[in-house]
4 protein chains.
Amino acid sequence: MSEPRTPDFGETVRKVFDRQGFMRHVGARVDHAAPGEVTLSVDRRDALLQHHGFFHGGVIAFLVDNATGAAAGSLLRDGRQTCLTAEYKINFVSPAKGERLSCTAVVVKPGKRLTVVEAKVHVHADGKAKLVAVALATLANLDLADVGG
Amino acid sequence: MSEPRTPDFGETVRKVFDRQGFMRHVGARVDHAAPGEVTLSVDRRDALLQHHGFFHGGVIAFLVDNATGAAAGSLLRDGRQTCLTAEYKINFVSPAKGERLSCTAVVVKPGKRLTVVEAKVHVHADGKAKLVAVALATLANLDLADVGG
Amino acid sequence: MSEPRTPDFGETVRKVFDRQGFMRHVGARVDHAAPGEVTLSVDRRDALLQHHGFFHGGVIAFLVDNATGAAAGSLLRDGRQTCLTAEYKINFVSPAKGERLSCTAVVVKPGKRLTVVEAKVHVHADGKAKLVAVALATLANLDLADVGG
Amino acid sequence: MSEPRTPDFGETVRKVFDRQGFMRHVGARVDHAAPGEVTLSVDRRDALLQHHGFFHGGVIAFLVDNATGAAAGSLLRDGRQTCLTAEYKINFVSPAKGERLSCTAVVVKPGKRLTVVEAKVHVHADGKAKLVAVALATLANLDLADVGG
């Protein structure tokens with residue numbers, strides 16, 4: 001996307017996520033973190049399913065939320081800015097039936113005030129990946145000086 | 001919204017949610033369930049927070065997903081139809097800092113094939129409710145005969 | 001919504017719209033403009049229809065765009081700030097068959113950087129109003145000093 | 001995307017658009033129409049602008065509406081099905097300042113009942129294209145037999 005503004009970005013994002021009780025509760029991990037692009041995933045277990053045995057839509061939305069936030073955050077000025085999820089829209093296109101769920105978020109448009117990020121979520125089973133959701137998110141970039149950080 | 005097509009709807013929705021591992025994992029409950037309107041809520045605990053100590057956006061999205069689905073489901077023909085979340089859009093308008101999080105979903109337009117539902121999410125603290133998110137969802141209605149149910 | 005920050009707001013918004021070629025081309029008018037709430041409408045004519053004789057979705061989206069922008073703009077500091085549409089989502093819930101189309105936008109959450117606005121679009125025929133679309137929009141507030149205005 | 005179900009699809013979509021008063025009023029044309037992918041464009045003129053001289057957001061939304069609908073329609077069974085725009089979400093990422101505006105819509109997920117389509121809108125100036133909007137749309141597929149067509 002652009003040159004890494006935060007060289008050790010993968011480490012930074014893992015540290016932030018380690019401080020999220022819900023990230024630990026869901027049990028997701030960072031598979032890939034590069035400037036403008038982040039992939040998270042989670043393995044199937046009963047605690048993450050809905051009543052038909054598929055991954056719950058809430059788990060899919062959680063991955064979208066964290067992956068888009070991290071992708072947008074990767075392009076901010078390290079230690080000076082942070083970002084908040086302003087909104088996203090998510091389309092569920094197939095049942096999330098499989099052993100693993102992954103979400104890859106890619107920045108479409110980095111901006112001074114707002115960053116727009118696309119995400120695609122796949123479910124993995126029998127060595128194949130199937131698209132289960134598509135999302136489009138807007139993140140608001142804030143100067144830490146403005147938020148007392 | 002209209003006359004109840006499923007008289008014991010509150011019981012029905014609780015039974016469906018009891019079979020969702022993720023609903024139990026998050027620990028949400030059904031506060032109110034009437035035709036076209038459903039409220040869910042969850043209490044604050046570390047496992048549901050993000051790194052600033054607010055409710056995680058993924059928890060908010062989970063409540064929106066389940067509440068909008070249940071509200072749409074309440075207007076279907078009992079035992080003959082089901083509905084799936086096609087998509088939703090969610091705006092996060094304030095940090096979800098508080099003791100309890102609730103989501104109320106109201107059907108805006110019931111339809112033969114699609115149902116459109118609005119949701120508002122509030123956080124509760126010191127006896128006050130604050131709006132933290134607004135959502136707009138589309139549910140696809142399916143005949144159980146068509147899905148082999 | 002709050003006290004009017006721009007006393008002559010209705011006049012201001014009409015002046016802005018008068019400078020929009022597309023507003024004149026579509027032929028829409030300002031029916032109501034108060035702090036946090038704006039209604040626009042347009043009369044039926046062939047140039048605004050799609051192939052079944054209903055108002056075109058693009059006309060509906062245009063009204064949503066201008067009405068949400070004006071509603072958000074009504075709460076800004078007069079002469080010091082402006083706002084831009086960051087994004088919106090729109091659900092089309094019924095065919096827009098009728099003599100007049102109106103859109104009412106109401107601010108849900110005014111913010112320092114972002115304003116969130118809901119809109120409902122109705123079609124009018126035989127003295128009755130029918131809901132045809134629901135929308136949820138995010139506007140970015142900018143200081144004119146920052147944009148060279 | 002898949003084999004063309006409607007061999008003369010480009011011709012079909014042009015005929016449908018010729019019957020839209022609003023398509024003629026805006027003055028848009030079909031640049032490209034293949035199964036699952038459609039590009040529309042429109043040239044700059046005063047009647048399509050907002051008050052800063054950029055293409056109006058309503059023109060952008062109109063192109064998204066028609067391009068996503070045509071892309072989804074290209075994968076339906078010719079003469080037996082039609083599709084309606086259920087909803088879309090659109091992010092405006094840059095001012096649409098230029099000589100020509102184009103929108104390319106690509107089907108992400110064709111479905112039996114719903115089709116999901118992504119769209120990107122570019123503005124063209126000085127031989128360069130700049131991304132101005134990104135959209136994600138849901139179309140409902142209907143059997144003509146069900147709608148009396």
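Trainee: What makes strand S3 of chain A and S3(B) a pair, and in which sense do they pair?

Mentor: Two strands pair if DSSP finds at least two bridges between them; S3 (residues 81-92) of chain A and S3(B) have five bridges, so they meet that condition, and their sense is antiparallel. One place to look is Glu87(A), which stands opposite Asn91(B). This is a predicted model, in which local features need pLDDT of at least 70 and side-chain atom pairs count only at pLDDT 80 or more, while totals for chains, interfaces and linings use all residues. Residues are numbered from 1 along each chain as its sequence is written, and chains are lettered from A and ligands numbered from 1 in the order in which they are written.

Trainee: Which elements give two or more residues to the side of chain B that touches chain A, and how many residues does the contact take from each chain?

Mentor: The contact takes 27 residues from chain B and 27 residues from chain A, where residues are in contact if their C-beta atoms, placed from the backbone, lie within 7 Å. On the chain B side, the elements that give two or more residues are helix H2 (21-26), helix H3 (57-73) and strand S3 (81-92), and S3(B) gives the most, with eight residues.

Trainee: How do you know that the two copies are related as by a two-fold rotation axis?

Mentor: Copies are superposed by least squares on the C-alpha atoms of residues with pLDDT of at least 70 in both. Chain B can be laid on chain A with an RMSD of 0.0 Å by a turn of 180° and a shift of 0.0 Å along the axis, and the copies are therefore related as by a two-fold rotation axis. In chain B, the C-alpha nearest the axis is that of Lys89(B), 2.0 Å from it. The same surface serves both copies, with 100% of the contact residues of chain B recurring in chain A.

Trainee: Why are S1 of chain C and S1 of chain D called edge strands?

Mentor: Each of them, S1 (29-34) of chain C and S1 (29-34) of chain D, pairs on one side only. They belong to an open sheet of twelve strands with antiparallel pairing, in which the twist averages 20° from one strand to the next. Within that sheet, five bridges join S3 of chain C to S3 of chain D, and Glu87(C) has Asn91(D) as its bridge partner.

Trainee: Why does Asp126(B) count as exposed, and what is its phi?

Mentor: A residue is buried if 20 or more other C-beta atoms lie within 10 Å of its own, exposed if 12 or fewer, and partly exposed in between, with C-beta atoms placed from the backbone. Asp126(B) has 6 C-beta neighbours inside 10 Å, so it counts as exposed. Asp126(B) is found in the loop between strand S5 (114-125) and strand S6 (128-143) of chain B, and its phi is near 55°, a positive value in a residue other than glycine. Most residues other than glycine have a negative phi.

Trainee: Where does Asp126(A) take its positive phi?

Mentor: Asp126(A) takes a positive phi near 55° in the hairpin of S5(A) and S6(A), which has two residues between the strands.

Key. Helix = DSSP H or I, 4+ residues; strand = E, 2+ residues; numbered from the N terminus. Axes fitted to C-alpha atoms, helices over the stretch in contact; angles between N-to-C directions.
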